Amino acid sequence: MLIEHRPSGDSEVIALVVDQQVELRARDGGREGHVYAVDPAARYLVAIDGGDAVACGALLAFDIDAAEVTRLYVRPAYRGRGIGRRVLAAVEDLAASRGHRVLRAEASITSPEAIALFLAAGYRPIARFGRYVKYEASRCFEKRFDDAGREVRVVRRSTADPAVSELVALAGNEAATRYGSPDARRFPVDPLARFVLATVDGVAAGCGAIQSLDDQTVEIKRMYVRPAYRGNGIARRVLAALEDLAAGSHYPLIRLETGSRQPESIRLYESAGYRPIPPYGPYVQSPLSLCYEKLVIAPEPIASELA
C-alpha cells in the first residue's frame, strides 16, 4: 500500500470526501451537521491499494505550532486492516515535517471506531474547539510531540512483528525519497536479526536491529524513527539498547553503514563514539555508503596497563 500526497482538487480526494459525507449523514441523520467540504487549505494524503484510492486523511494548519487531523476516512471494504492507523501516522509525520508540535482531532460519538483510533494512537480528550464547539456530539482530542511526560519504552521484538514490519517499510520509503530510487539503499536484513522497538505511549515510534557478521562483530541495521517522534532522543535510546544487546550477547565490536544523504544519522553515530572505517562487505561498491565501528566490550588489559 502506498500513501501519496494529493492536491485538494484531486478527483480521488473529492470522491473519498463525498463518500465520507454520505456516511456521516447516514450515521447522524444530518442532525449534527458533521459534514465539511474539501478544504483547499488542507494538505491531503491518499492511500492506494491495488491501484485504488481506499482511504484519505488531511492536515489543516492552525498556526506554526498546531494543526488538525481532518478528513480521516477509510472505505468500508478496507476497514480492519490497519489502514486508518497508517494514514493517521502519515498525517502525523507530515505535521512533524512542517514543524507542528500539537495535533488536534475531532470525531462524532456516532463514529466510535474513529474515537478508538485516536485514543489508541496516544491522543487525549480535550474540550471542543473551533467549529466543533457548538456540536454536542463532537469529541475532540489532542496529541503533543514535545511532551516530556510521555512514556517511552524500548523492547525486543522479532522481525515478524507487525509494528517492526511497518517501520521498516517506512524507512525504505524515506530512503527511496532521499536517494531517488527504491533500489539505491537496498541492503538485506538477516532473517535472524534481533530487533528492538521504541514505543511512545504504546505507539510504535522507532526501531533498530543487530545481525551477526562473525563471532566478534555485529552490524546495526534498520535504524529508523518516525518523523513525528524525532528530536526527542528516541534514536539515541534505540542505539543504546542495541549496544547493550550486542554486549550482552558477547559481541565486542559493532559496525554499521549509513548513507551520505543522512546527516542526522551521521551526527548520531559520531556523537555516540563510532569512528569512520573503510566500506566493508556489500558496501564496498556503494559510493554513497559511509561505514563506522565501535568497540562496546573493552579488550582484556595487558600487564603493562595494570602496572
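## Ground rules

Contact means heavy atoms within 4.5 Å. The model is predicted, so local features need pLDDT of at least 70 and side-chain atom pairs count only at pLDDT 80 or more, while totals for chains, interfaces and linings use all residues. Residues are numbered from 1 along each chain as its sequence is written, and side-chain values use heavy atoms, with hydrogens and water left out.

## Overall build

The protein chain has seven helices and 14 strands. Both are DSSP runs numbered from the N terminus: helices are H or I with at least four residues, strands E with at least two. The C-alpha trace spans about 85 × 40 × 35 Å along its principal axes. Among contacts with a separation of 6 or more, 65% join residues 24 or more positions apart.

Of the 307 residues, 46% count as buried. Buried means under 20% relative accessible area, exposed over 50%, and partly exposed in between, with a 1.4 Å probe and protein chains only.

## Surface and charge

The protein chain exposes about 15200 Å², and carbon and sulfur atoms supply 54% of that area. The areas come from the Shrake-Rupley method with a 1.4 Å probe; for residues, only the protein chains shown count as cover.

There are 40 positive and 39 negative side chains, and the centres of the two sets lie 3 Å apart. Lys and Arg count as positive, Asp and Glu as negative; His and the chain ends are not counted. Each charge is placed at NZ of Lys, CZ of Arg, CG of Asp or CD of Glu.

Q211 lies in strand β10 (residues 203-212). Q211 counts as buried because its relative accessibility is 11%. A polar atom of its side chain lies 2.7 Å from the backbone nitrogen of D190. Beyond neighbours within four places in sequence, Q211 is in contact with P188, V189, D190, A193, T217, V218, E219 and K221.

D49 lies in strand β2 (residues 43-49). At 27% relative accessibility, D49 counts as partly exposed. Leaving aside neighbours within four places, D49 is in contact with M1, V54, Y78 and R81. D49 and T258 are 209 residues apart in sequence and 31 Å apart in space, C-alpha to C-alpha.

## Helix α6

In α6 (residues 263-271), S265, I266, L268 and Y269 are buried. They lie on the same side of α6 because they cover an arc of only 160° around the axis. That arc is taken from the directions from the helix axis to the C-beta atoms.

The buried residues of α6 pack against β11 (217-225), α5 (234-248), β12 (253-259) and β14 (289-295). G273 follows α6, with a positive phi near 95°.

Key: A polar contact is a pair of N or O atoms within 3.5 Å; within protein, one must be able to donate a hydrogen and the other to accept it, and residues adjacent in sequence count only if both atoms are side-chain atoms.
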